[in-house]
Amino acid sequence: MKPEEITIKAQARAAEQQAYAFRLFCCDSTGCISSGAISIQDALNEELAAAGAAEKVEVVPTGCMGLCSLGPLIRVSRQGTSEDVLFKEVTVDSARTLIKDYIAPQLNGGVPELGELAKFILPLDIPFFKKQIKIVLANAGLVDPERLDDYLARDGYVAASKVLTSMSPDQVLAEIRDSGLRGRGGAGFPTATKWGIARNAVGDNKIIICNGDEGDPGAYMDRCVLESDPHAVIEGMMIGAFAMGANQGIFYIRAEYPLAVERVEKAIKDARKAGLLGKAILGTSFNFDCEIRLGAGAFVCGEETALIASIEGKRGTPRPRPPFPAIKGLWNQPTCINNVETLANIARIIIKGGKWYASMGTEKSKGTKVFALTGKLKNSGLVEVPMGMTLREVVFDVGGGSGSGTPIKAIQTGGPSGGLIPAEHFDTPISYEHLQQLGSIMGSGGLIVMDEDDSVVDIARFYLDFTVDESCGKCAPCRIGGKQLLLLLDKIREGKGSEADVTMIKRVALAMQKGSLCGLGQTAPNPVLSGLRYFREEFDERLNCKDGAKGGCSCGHDSPCKAN
Amino acid sequence: MITATINGNVVEIPEGTSILDAAKRLAIKIPVLCKHPDLDHTAACGICVVRNKSNGRMLRACCTPVEAGMDLLTHDPEIVGVRRTILELMMSKHPNECLTCGRSGDCELQTLCQDFGIRREELPNITPDLPKDCSTGTIELDPRKCISCGRCVQVCQDKQNVWALSFLDRGIDTRIATAGDIPLNESPCVSCGQCSAHCPTGAIVEHDESGIVWDKLQDPDAICVVQIAPAVRVAIGEAFGFAPGANLTGKTYAALRQMGFKYVFDTNFGADLTILEEASEFVERFANGKGELPLITSCCPAWVDFMEKYHSDMIGHFSSCKSPHEMVGALAKTYFCERNNLDPKKVFMVSIMPCTAKKMEIKRNEDMASSGMQDVDVSLTTRELARMIKQAGIDFAWIPESQPDHLLGAYSGAGTIFGATGGVMEAALRTAVHMVTGEKLGKVEFEATRGLKGIKEATLNVAGHEVRIAIAHGLGNVEMVVNKVREAKAKGEPLPYHFIEVMACPGGCVGGGGQPYGVTDEVRLARAKGLYSEDTAGVWRNSHENPYIQELYRTYLDKPLSEKSHHLLHTHYKVRPTYQR
């Protein structure tokens, strides 16, 4: 494929899309599929065929539209109008009604009868949508992830074409540096710096890896990006590979994400067929190809060196750094590992410029961040908000506030490596630095909201149980420290703890933070420590629960001591 | 060279030096449990944390290279506190069985706990109830005592290339085990014991058979005889405060006598005998074209086992000679008994070896019973002997030296250097030259055979012939050598070597898996030096000069490779599956 063919194909597809009177975007992501999205699409197609409207209406299976708690979602786009209509919680029956009572009459020049359908309409001007800025998720919900031309029609591979034909690797690095983009996997290492190290590293066969080993409980940003817009990630990888001089790309995706794997696989195949992957891409001298490696689901394999070990067929355990993977990584080659979301930003930055990207966010945290917003909220789902937005806006405007009516108590960011942030700190802007100051971390984007009914002690235990289970067992502080912390926490939960146990928790936690080899162990105590920091009284209630065995505890939580 | 500051002192070090090694230069001792000087860092324990003063962060000294200008602090209350907590965590998943542990008094974990003054168990003990693996009869694996430092796995996989041990499960359930969790004796384990030599705790120890020996020493009907291997004499002293390499042959004989052994022999005699047989084999193959070249040495049982499991296509190249202690065992129950009118059935032969694999070798196949009964009844390691000497109340430092018993006690310098890597080769070459030329060697040393380089290759002039040799020690070094042979054979090219010596343990037997703990290259070199000094100081430098060897052939065996020699001193090999099921 030549660069101009991208434009030709994009225009051809755009014309095709415009020829439809209606386009029905149906969320076809794992979440909505589990609530029946496939049979809904079948029903839509059946009804359209019955109405003889199949050629006038396109049913577009798409990636995630964001408001997962109200799925399955269908977005109806009518040719010639800019106002789309979104239908929520669609069922097979309401889908049929949608065609019969809403689409068909309009096709025949009539007026739609909303009737019962009215209650399924979700206004698109609610804060959940309006407060979001979509860069990474720009295509999610609007393209068929399995169609390359859909991606092309939305400026797909334009950035890659620009980079390959008119930019030098240094210019690419400069653009990314200007954007201020930092690694979205959680640590926030500047992407341009990482690429620069790999670029300067000596090696014949540099490798770029897309880290799709998302594992935080409740987090599914990367899965959705891969399911919704796989070509954007491939394009980001290709640009990164060009910047650092790599010719090989590897998607490391956990095997529990079959749909993401399937779509990335198809995207790679399609891109290869179109000459967007392979040798002499777009008529340039640049060669680049991708392959997929599956992770077996160990949380620790998201850590770069463990990920590398896993691909090499070894036990998935981290190794000390240096040497850093960018110098000596997979198969001893310079290896750059970027998170899915990081890579999904790249093409947009190249098209719109680093300065545009840097105009969003705070001083040190630029652009947007995708969060998986879950917990005791009205609106749960996948959101993308500009850095610098306060936690309050995210929780109360985007998230719609408490879903239960019980006041919101805290949010957990950064998953099991992060910490609890109490409601009194909700005016803190979202940035790597601000969250760290509060004793939590940005993490990869899990954001779990808790209300007053949730017990902090139980939440801390939940996360700790996760990290203890996921510890690779290589180093003593994490391996044994985590388990002992868990036992100490259980002792307190059961009303058998004492002040000495709290002291011991702090002591073991310090050893884990300072002595663990990788981030998993270093951050595993965070949920407990932030719990102690902000909600000490909840621990004290359990400590003072002397008659726990009789069920006399007044702490108000459904704790193990009450079971006795 | 770069400079950095540690605890306020400036140190100049080559780039790439770890913080641990840099601190050593300033006489600062940073505690470690997982890092062993022989091995790459595994970064598993976390005890070696130090502080980078510029950002306050803690770094692991074992695996972090010093960067130019670094300002480091190795000890402050918080650092020491973290180390103590990590130790307490380890102790919370370690059985509190120090008093009955094989490593008590010589355990790195125990020592650190003492250093850190750990007096209470504040955390609940969560040691899992895992069974011991005693299946090999050579080493015993107690996964409960394992602190998952990874040394054994690294030594077994990377250094020895055996791949018997690995980590199984994850998180708190992580444990050392064989692949597939099968018993060790069904795994590729060759019993070299390097895992036990590198284990910081009592998780892997030798199978202690001293009890059997004590029982026999009390048995009025038993005639207990003993022999000590070359490498034992220069290492046993370490258990009694002597420096590595101190040659304590006479004291060891004396201690054995005091313990009740009726006759004390020396495996070095067997080494001399091995040389006569093996050098003859070499001359047969090299000069007379009878048999395959290169000839490969066979005195290391772990190597023999490894070869049978991994390189069985080399069987034709193997020397058929038994190892020296087996030769002494066979002769003790035949030649010696006949000459002294003793009932061989009453003779109980104990060999003191630097080796755990010898425990397996004594029952290797039916050739190990060439006297009509098992030739060597029990094989003890140096470590077991040291404990027995202590149990016997013998003040090893002061005990007067003794002499070995004839007919199987006298030895040449060539016999004694068997204990160091390259020693067998050197000893064999000395005698081979004599066999070919009939002349006495002017200079007996073959320096190319000495030292700790993993693979030593040389082309030597032996009586006017070009002889290409290779010496590998540490099983991980074998592959390259045998592959060269395979390649040349496949291509029909000239053989890369005529004679190959292999010892399973790094440094040869001085670094054996049954030697006193704490082995490093420094210790290996010191022990080897002790053997080479004895060689230099000896009356006989060549095995064939040993008059007792001459007498043995004259009166009993006839000549090397005779029918009787073959019956008593030689063995055969078979292909063994790497996994037994």
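In this predicted model, 28 residues of chain B are in contact with 28 residues of chain A. On the side of chain B that touches chain A, the elements that give two or more residues are strand 4 (58–60) and helix 2 (77–92) of chain B. Helix 2 of chain B supplies the largest share of that side, namely six residues. By residue class, the side of chain B that touches chain A consists of 17 nonpolar, seven polar and four charged residues.

Attention now turns to chain A itself. Its secondary structure comprises 24 helices and 14 strands. Along its principal axes, the C-alpha trace of chain A spans about 75 × 65 × 40 Å. The radius of gyration of chain A is 25 Å, which agrees with the value near 24 Å that a compact globule of 564 residues would have. Of the 564 residues in chain A, 57% are buried. The contacts within the chain can also be viewed by sequence separation: among those in chain A between residues at least 6 apart in sequence, 74% join residues at least 24 apart.

Terms used. Residues numbered from 1 in each chain as written. Chains lettered and ligands numbered in written order. Predicted model: local features only at pLDDT ≥ 70, side-chain atom pairs only at ≥ 80, totals over all residues. Contact = placed C-beta atoms within 7 Å. Helix = DSSP H or I, 4+ residues; strand = E, 2+ residues; numbered from the N terminus. Nonpolar A, V, L, I, M, F, W, Y, C, P; charged D, E, K, R; others polar. Rg over C-alpha atoms; globule rule 2.2 N^0.38 Å. Buried ≥ 20, exposed ≤ 12 C-beta atoms within 10 Å, placed from the backbone.
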